[in-house]
Amino acid sequence: MNNSKKDITKLSQETPMPSEMAHPKDSKSSLCPSSPPDTQGSVVFGIVGGTVDSPQVAYLREPQPITDELLALSEPVDPTEVYRIAAPCWERRCQHFDGHQCHLIQQIVEGLPTVVKDLPPCRIRQDCRWWQQKGKAACLRCPQIVRTNYSMSETVKKVIEPHRDREIM
């Protein structure tokens, strides 16, 4: 798997930005930066590195559309263990969305420390729901987020747990 990161960054640099791929510019849709790979319009925008206890996302120069070839590069592990994936926000179909906003990023900002001092070089930022809701505070915590992490701390487990008492509009 050591070559996987290198292979991914070698993929086409001609890829359109996620805002062009996932939804038209005039759409109100935002991108979720913690999506599964099987969502229509999914793109990989980062590669998870660091350690199990302290993951750190490295952001790609250009997001890459999800393909069978790209998914195969993550084998034998689940793609969400090694890729940060963005796709159009599911909104009301998501357990973290209350009809108006994403509570996951609210919980992340309130419950997790910042892990970088400056904004990461993220190419989905302009369309990212987390950025749209929490701005810089979201981005300074984003590099530590891994959708599938079997060794996450108790703090992270608590932070990402959906609130069951919220009213969905």
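Modeller: By a nonpolar core I mean a set of buried Ala, Val, Leu, Ile, Met, Phe, Trp, Tyr and Cys residues joined through side-chain atoms within 4.5 Å. Buried is under 20% relative accessible area, exposed is over 50%, and partly exposed is in between (1.4 Å probe, protein chains only). Bear in mind that this is a predicted model: local features need pLDDT of at least 70, side-chain atom pairs count only at pLDDT 80 or more, and totals for chains, interfaces and linings use all residues. Residues are numbered from 1 along each chain as its sequence is written, and side-chain values use heavy atoms, with hydrogens and water left out.

The largest core has 22 residues, and Phe 45, Tyr 59, Ala 86, Ile 105, Ile 108, Ile 124 and Trp 130 have the most contacts inside it. Strand 2 (43–50), strand 3 (55–65) and helix 5 each give it at least two residues, with helix 5 supplying the largest share, 4 residues. (Helices, H or I, at least four residues, and strands, E, at least two, are DSSP runs numbered from the N terminus.) Beyond its neighbours within four places in sequence, Trp 130 has contacts (heavy atoms within 4.5 Å) that include Pro 33, Arg 84, Ile 105, Ile 108 and Ile 145. A second, separate core of 8 residues includes Leu 60, Leu 70, Tyr 83 and Ile 85.

Now the loop between helix 3 (68–73) and helix 4 (79–82): Pro 76 sits there, and the Glu 75 to Pro 76 peptide bond is cis, omega near 15°. Ser 74 is in that loop too, and counts as buried because its relative accessibility is 1%.
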